[in-house]
Amino acid sequence: MKFPTAISCDFLHLSLDSLHPRVKSKIAGTDFSMGEAPAFFVDSLAKGYANGFKSENETRKTATIIGDKTYVIGGADDETSYIEVQIFDRGLGEWVKPTVLGTKPISCKGHSAVLLKDRILILKKGAKPDDHTWFLEVDTPYVRQQQKGLGIQAVAWSKGVIGNAEKPIVISGPSGVGKGTLISMLMKEFPSMFGFSVSHTTRSPRNMEKDGVHYHFTEKSVMEKEIKEGKFLEFANVHGNLYGTSVEAVELVADAGKRCILDIDVQGARSVRASSLEAIFIFVRPPSMKELEKRLRDRGTETEEQILKRLRNAKAEIEQGTSSGIFDHLLYNDNLEECYENLKKLLGLDAKVTAQPQSGPREINLPVDHIVSKIDDKSIINCLSSGLEKESKNLIVLDVSSLNGGAPGRTRGLDFQAIDSFSDGLVGMDQQS
């Protein structure tokens, strides 16, 4: 097998005696006499950036070289601050402080760093099962897009999650068409299957509306800042106010093991369709504009001026929703009960199907004492202390070949497997190397 010249210092600074013989033989048989890795290895040790190194200011750091840049990752081990990122640009001969996007991971008592193709895998030591795997994206499409827009060096954090989530459901339609009622009926009947993505808005709350339940009500300046930081999946200016769906709102529903429902307008649906999020798109339309006007007036929440504005917008939304190709399915809400039954059929929830409670992503415990190496698309975690379900299993194989998603949301598709012996989890490795 061949190792890239861009190698994590954590990977180089291994205790070979602690590894399985087959891992050790592959590492020992690799020629490190060529390329950038040896020089960086010496430099990093001299600067004190080896994996797990504890400096005088009580910080623990790892260093990973990618091209001319050295990514130094670490922070205090008091678990009250965040893991920080610094970059040493050898071409410039100076330190660069990047713009860090995404949610930063809380600091920990050391970590391991493994270089993947366009990101660095971080395994936190002593972290909870749902918080030990993170990715620092350094050259993903999202990071490149942000760097182009910001005009500066940027990196992005993304939390790793085992397994995948079901496709979200995007439901759109003009104001007053009844899509909110349909969603409420769906969630009432299947509370364990679906979760509602709570949108953000800069408009004022209406009577009885609660912050965090109906909407996340926020200031325009705050929302505009977060939009620039890439924290929103979609956003639009509707009736003079900003509305948007944050990436975190969608991810939290998936983290709970539920299928996310997004109630957004046609502008928002268009943005989601153009994004990397894979979803099912459903448009709900009224039987007529006359009926829509009646429903808007009957709910008594808008002024006459607002009603007329919504009716004007509704005409354009119906035209786009039925002819633009954004939506996969079209529902007529002439009769609420019939429309709801048709919605359930679209989602495979007819009377013959009994919804089963969903569970969140499965988890695995990582012991504090472990050493990580990388072979192809698998990371081999050698456990130096018990912490697995069976104490006899001292190796964990982390397969990252099916990663999907990423910043500004979660990185999903992780597959951990605890094994008794090396061959159990890496059958065919020699053929792949």
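Trainee: Which residue in strand 16 is the bridge partner of alanine 236?

Mentor: Strands are DSSP runs of type E with at least two residues, helices are runs of H or I with at least four, and both are numbered from the N terminus. This is a predicted model, in which local features need pLDDT of at least 70, side-chain atom pairs count only at pLDDT 80 or more, and totals for chains, interfaces and linings use all residues. Residues are numbered from 1 along each chain as its sequence is written, and side-chain values use heavy atoms, with hydrogens and water left out. Within strand 16, the residue bridged to alanine 236 is tyrosine 243.

Trainee: In which sense do strand 15 and strand 16 pair?

Mentor: Two strands count as paired if DSSP finds at least two bridges between them, and strand 15 and strand 16 have six. They form a hairpin with two residues between them, and histidine 239 in the turn has a positive phi of about 55°.

Trainee: How many of the seven residues of strand 15 are buried?

Mentor: A residue is buried under 20% relative accessible area, exposed over 50% and partly exposed in between, using a 1.4 Å probe and protein chains only. Over the protein as a whole, buried residues make up 47% of the 433 residues. Strand 15 is described as mostly covered, and its count of buried residues is five.

Trainee: Why does serine 276 count as exposed?

Mentor: Serine 276 sits in the loop between helix 8 (266-274) and strand 18 (280-285). Its C-alpha atom is separated by 9.2 Å from that of leucine 233, which lies 43 residues away along the chain. Serine 276 counts as exposed because its relative accessibility is 74%.

Trainee: What is the strand order of the open sheet of five strands?

Mentor: The pairing in this sheet is parallel, and its edge strands, each pairing on one side only, are strand 12 and strand 19 (329-332). Strand 11 and strand 18 are joined by four bridges, and isoleucine 169 is partnered there with isoleucine 280. The order of the strands is 12-17-11-18-19.

Trainee: Which residues are in contact with leucine 347, leaving aside its neighbours within four places in sequence?

Mentor: Contact means that heavy atoms lie within 4.5 Å. In the protein, residues 24 or more positions apart account for 61% of the contacts with a separation of 6 or more. For leucine 347, with those sequence neighbours set aside, the contacts are Ile169, Leu186, Phe194 and Ile282.

Trainee: At roughly what angle do the axes of helix 5 and helix 11 cross?

Mentor: Two packed helices are described by the angle between their axes and the distance between the axes. The axes are lines fitted to C-alpha atoms, for helices over the stretch in contact, and angles run from 0 to 180 degrees between N-to-C directions. Among the residues that meet are Leu182 and Met185 in helix 5, with Tyr340 and Leu343 in helix 11. The two axes come within 10 Å, and they cross at roughly 60°.

Trainee: Which word describes how helix 5 lies relative to helix 11?

Mentor: Angles under 35 degrees count as roughly parallel, over 145 as roughly antiparallel, 65 to 115 as roughly perpendicular and the rest as oblique. With the axes crossing at roughly 60°, helix 5 relative to helix 11 is oblique.

Trainee: How far apart in space are lysine 128 and asparagine 365, C-alpha to C-alpha?

Mentor: Lysine 128 lies in the loop between strand 8 (119-124) and strand 9 (133-137), and it counts as exposed because its relative accessibility is 62%. Lysine 128 and asparagine 365 are 237 residues apart in sequence, while their C-alpha separation in space is 7.4 Å.
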